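Open the model in your viewer and keep the selection panel at hand. The tour goes stop by stop: select, look, move on.

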Amino acid sequence: MIFADPPYFLSNGGITCHAGKMVKVDKGDWDQSQGAELNHEFNREWLQRCQQVLKPNGTIWITGTHHVIFSIGYAMQQLGYKILNDIVWQKPNPPPNLSCRYFTHATETVLWAAKNSASKHYFNYDLMREANDGKQMKTVWTFTAPGRGEKTFGKHPTQKPLALVERCLLAATPENALVLDPFLGSGTTAIACLRQRRQCVGIELDPAFIQLSIDRIQAEQPDGEPIVSAVA
Ligand SMILES: C[S@@+](CC[C@H](N)C(=O)[O-])C[C@H]1O[C@@H](n2cnc3c(N)ncnc32)[C@H](O)[C@@H]1O
């Protein structure tokens, strides 16, 4: 399985509200838009590489906002992925919209897709139904943004909640499955894998975020053997 949370391409001088204050949207250099066409080329390239390494029956999850998700969906169609679901991740406590010229953004999309139309993908239907009080689970999921407890070792500007990634793992993999995260960030996917007994390989550009991931991972097993191997 692959869990990918790629650049949003939204750090371009807009404003948002953080801790009650108006601040510029600046997630980092990696999040600057290069223009619609180059952004799409980038998305197509990494999605193609992911498709190459995905096993025949493996699946991929991709999170994104409107800045990037349409390009990703189109690139997936171009590459022949089979889209299985588009999940709406609803945030019950989004930051207010300070301009008062838009609705408050309160969702992200999570696409779930199989490698291609021949794939026989794994879906833990019974477990998902059980988690939803015996009813079929719908494609609207509600999770709050990660709280302080998930940020003890430092902050990442676009950190995902563990509960979201854990649900994806439980829905789409058996125990011990191998999971790739090509944009590891603060290591959320690795922690979710440890907690749900899956194996994880992560790729990350920024050494500070690699260190943050290592610190979080090691803290999961403070008395145990080293469980991380990092390769530059
Ligand atoms: C949206 S964030 C992922 C956040 C992550 N899901 C978490 O919970 O912490 C995207 C990450 O991709 C990294 N990144 C951007 N471009 C990259 C590239 N070409 N290769 C590897 N990592 C990249 C950024 O440094 C950033 O940490």
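**The ligand shell.** Begin at the ligand. Its shell of residues splits into 6 nonpolar, 6 polar and 4 charged. Here Ala, Val, Leu, Ile, Met, Phe, Trp, Tyr, Cys and Pro count as nonpolar, Asp, Glu, Lys and Arg as charged, and the others, Gly among them, as polar. Select D5, F183, G185, S186 and T188: of the 16 residues around the ligand, these come nearest.

Two notes before moving on. Residue numbers start from 1 along each chain, as its sequence is written. The model is predicted: local features need pLDDT of at least 70, side-chain atom pairs count only at pLDDT 80 or more, and totals for chains, interfaces and linings use all residues.

**The core.** Next, select I2, F3, A4, I60, W61 and C168. These residues have the most contacts inside the largest nonpolar core, which has 40 residues. The elements giving two or more residues to this core are β1 (2-4), α1 (36-53), β4 (59-64), α2 (69-79), β6 (107-114), α4 (162-172), β8 (178-181) and α5 (188-195). Colour α4 separately: it gives the largest share, 6 residues. Helices (H or I, at least four residues) and strands (E, at least two) are DSSP runs, numbered from the N terminus. A nonpolar core is a set of buried Ala, Val, Leu, Ile, Met, Phe, Trp, Tyr and Cys residues joined through C-beta atoms within 7 Å. Buried means 20 or more other C-beta atoms within 10 Å of the residue's own; exposed means 12 or fewer, and partly exposed is in between, with C-beta atoms placed from the backbone.

Stay on A4. Which residues does A4 touch, leaving aside those up to four places away in sequence? They are C50, I60, W61, I62, D181, P182 and F183. Contact means that the two C-beta atoms, placed from the backbone, lie within 7 Å.

**Helix α2.** Now select I69, S71, I72, A75 and M76, the buried residues of α2. Look down the helix axis: these buried residues fall within an arc of 155°, so they line one face of the helix. The arc is that of the directions from the helix axis to the C-beta atoms. Show α1, β4, β5 and β6 as well; they are among the elements that cover the buried residues of α2.

Step off the end of the helix. G80 follows α2 and has a positive phi, near 85°. G80 sits in the loop between α2 and β5. Buried or exposed, with 11 other C-beta atoms within 10 Å? G80 is exposed. Draw a distance to Q51, 29 residues apart from G80 along the chain: the C-alpha atoms are separated by 9.3 Å.

**Strand β5.** Select residues 82-90. This strand, β5, runs antiparallel to β6, with 8 bridges joining them. Strand β7 (residues 140-142) is parallel to β5, and 3 bridges join the two. Strands pair if DSSP finds at least two bridges between them.

Q90 is partly exposed, with 13 other C-beta atoms within 10 Å. Leaving out residues up to four places away in sequence, Q90 touches A106, T107, V140, W141 and T142. The C-alpha atoms of Q90 and H105 are separated by 9.5 Å.

**Two positive phi angles.** Most residues other than glycine have a negative phi. Select N176, in the loop between α4 and β8. Its phi is positive, near 75°, and N176 is not a glycine. N176 counts as exposed because 8 C-beta neighbours lie inside 10 Å. Then select R197, in the loop between α5 and β9 (199-202). R197 has a positive phi of about 60°, although it is not a glycine. R197 is exposed, with 12 other C-beta atoms within 10 Å.

**Last stops.** Select K120, in the loop between β6 and α3 (125-131). K120 is exposed: 7 other C-beta atoms lie within 10 Å. G58 is 62 residues apart from K120 along the chain, with 8.3 Å between their C-alpha atoms.

Finish on A219, in helix α6 (residues 207-220). A219 is exposed, with 11 other C-beta atoms within 10 Å. A219 and F153 are 66 residues apart in sequence and 9.2 Å apart in space, C-alpha to C-alpha.

Definitions and conventions:
Near = placed C-beta within 6 Å.
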